[in-house]
Amino acid sequence: MKSIPPDADVEDTRVANINELQQELRARSQRDRAYLIVLAGSNVGEMFRIEPGECVIGRAQTVQVRLLDDGISRKHARVVQIGDKVYIEDLQSSNGTYLNGEPIQTAELKDGDKIRIGSTTVLKFSYHDQLDESFQQQMYDAALRDALTRAFNKKYFLDRLETEIAYARRHQQPLSLVMFDVDFFKRVNDTYGHIAGDYVLARLARLAATTVRTEDVFARYGGEEFGVICRGVGLMNAGVLAERLRTTIAGNTFEHEGQRLPVTISIGVAAYPEIDAKTALELIAAADEALYEAKRTGRNRVLLRQPTNRAP
């Protein structure tokens, strides 16, 4: 009589489990999610998922794919998904829409197509699965975000500020910059340790991120200094935001390992056109001047950088 191997059931179960896992992997790996990925331009690295229906690309705040490029119209083009096909249509934009180097009015998009709109922005149309999406988002965050605070990093901040200044000057729109840092931060590090200092920066960044507008750019400029770019906001309104930031930080408890840490911030605000800045560094210098004056005159306060040569 032929004997049955004692591990036969185990082997059958193992094979069944492998088949189930392979089926699950195939199901999860279907590249059925349509995306636009920014290859060049001020939003480089960002990815936008194309949902069924209409998705408008442009500079307006109300569009689904908002890109900051002076050459892009407010409502430049739209992407429409119908069934399993995706189309792009130019919306009578000023500078046109180009698909793989050719001007188009309406065209079907294929995986890997390159779309150029505006003067510097290039998009890639692509299908991704769930794993692709997660990996792309991680890469985007790693390139643009500060690891500790999750605020935007200095490079992204400077690039965006240059773009925003050019836009503000060309369209004669207000632009404000809020710069702040932690009062006596060295004392926090020396007294409570660098881990406590990191805790302060991370918690402060979370509080600040929930205080600014979604369209503002909040970034870690370096060390304990942060910046907020406020497009379309004048000096006084930026001062209101700065005071809201100051009171939010001062009114929250910072406690690390059972010890309460004293945390306040000093803030300087500068704005175009009050400051006729032509570069990012010029506007940063003006805001920093107000920030240093706030620290020199008592800390835990907001100061606005006023123009030095007012008309009589």
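In which loop is Glu 257 found? Glu 257 is found in the loop between strand 15 (254-256) and strand 16 (259-261), where helices (H or I, at least four residues) and strands (E, at least two) are DSSP runs numbered from the N terminus.

The structure is a predicted model, in which local features need pLDDT of at least 70 and side-chain atom pairs count only at pLDDT 80 or more, while totals for chains, interfaces and linings use all residues. Residues are numbered from 1 along each chain as its sequence is written, and side-chain values use heavy atoms, with hydrogens and water left out.

**Overall composition**

The protein contains 7 helices and 18 strands. Of its 312 residues, 44% are buried, where buried means under 20% relative accessible area, exposed means over 50%, and partly exposed lies in between (1.4 Å probe, protein chains only). The accessible surface comes to about 16,800 Å², of which 50% belongs to carbon and sulfur atoms; such areas come from the Shrake-Rupley method with a 1.4 Å probe, and for residues only the protein chains shown count as cover. Among contacts (heavy atoms within 4.5 Å) between residues at least 6 apart in sequence, 59% join residues at least 24 apart.

**Helix packing**

Two packed helices are described by the angle between their axes and the distance between the axes. Here the axes are lines fitted to C-alpha atoms, for helices over the stretch in contact, and angles run from 0 to 180 degrees between N-to-C directions. Angles under 35 degrees count as roughly parallel, over 145 as roughly antiparallel, 65 to 115 as roughly perpendicular and the rest as oblique.

Helix 4 (residues 185-192) packs on helix 5 (residues 194-211) at an angle of about 135 degrees, their axes lying 6 Å apart, which makes helix 4 oblique to helix 5. In this contact Phe 185, Val 188, Asn 189 and Tyr 192 of helix 4 meet His 194, Ala 196, Gly 197, Val 200 and Leu 201 of helix 5. The residues involved divide into 6 nonpolar, 3 polar and no charged, given that Ala, Val, Leu, Ile, Met, Phe, Trp, Tyr, Cys and Pro count as nonpolar, Asp, Glu, Lys and Arg as charged, and the others, Gly among them, as polar.

Helix 3 and helix 7 pack at an angle of about 100 degrees with their axes 8 Å apart, and they are therefore roughly perpendicular to each other. From helix 3, Phe 157, Leu 158, Leu 161, Glu 162 and Ile 165 meet Ala 280, Leu 281, Leu 283 and Ile 284 of helix 7. This contact divides into 8 nonpolar residues, no polar and 1 charged.

**Salt bridges**

Side chains of opposite charge can pair when their charged atoms come close. With a salt bridge taken as a side-chain nitrogen of Lys or Arg within 4 Å of a carboxyl oxygen of Asp or Glu, the count comes to 20 salt bridges, including the following.

| Salt bridge | Closest N to O |
|---|---|
| Arg 160 and Glu 164 | 3.1 Å |
| Asp 216 and Arg 213 | 2.7 Å |

Arg 160 and Glu 164 both lie in helix 3 (residues 154-171), 4 residues apart, about one turn of the helix, and both are buried. Asp 216 is likewise buried, with a relative accessible area of 7%, whereas Arg 213 is partly exposed at 31%. Asp 276 is partly exposed, with a relative accessible area of 46%. Salt bridges that share partners also join Glu 54, Arg 78 and Glu 89 into one network.

**Loops and backbone**

Val 212 sits in the loop between helix 5 and strand 13 (217-222) and, at 11% relative accessibility, counts as buried. Leaving aside residues up to four places away in sequence, Val 212 touches Phe 218, Val 228, Leu 241 and Leu 245.

Most residues other than glycine have a negative phi, and most peptide bonds are trans. Phe 184, although not a glycine, has a positive phi of about 55 degrees; Phe 184 is found in the loop between strand 12 (175-182) and helix 4 and is partly exposed, with a relative accessible area of 41%. Glu 257 has a positive phi of about 50 degrees, although it is not a glycine, and is exposed, with a relative accessible area of 72%. A cis peptide bond with omega of about 15 degrees joins Tyr 272 and Pro 273, and Pro 273 is found in the loop between strand 17 (265-272) and helix 7 (280-296).
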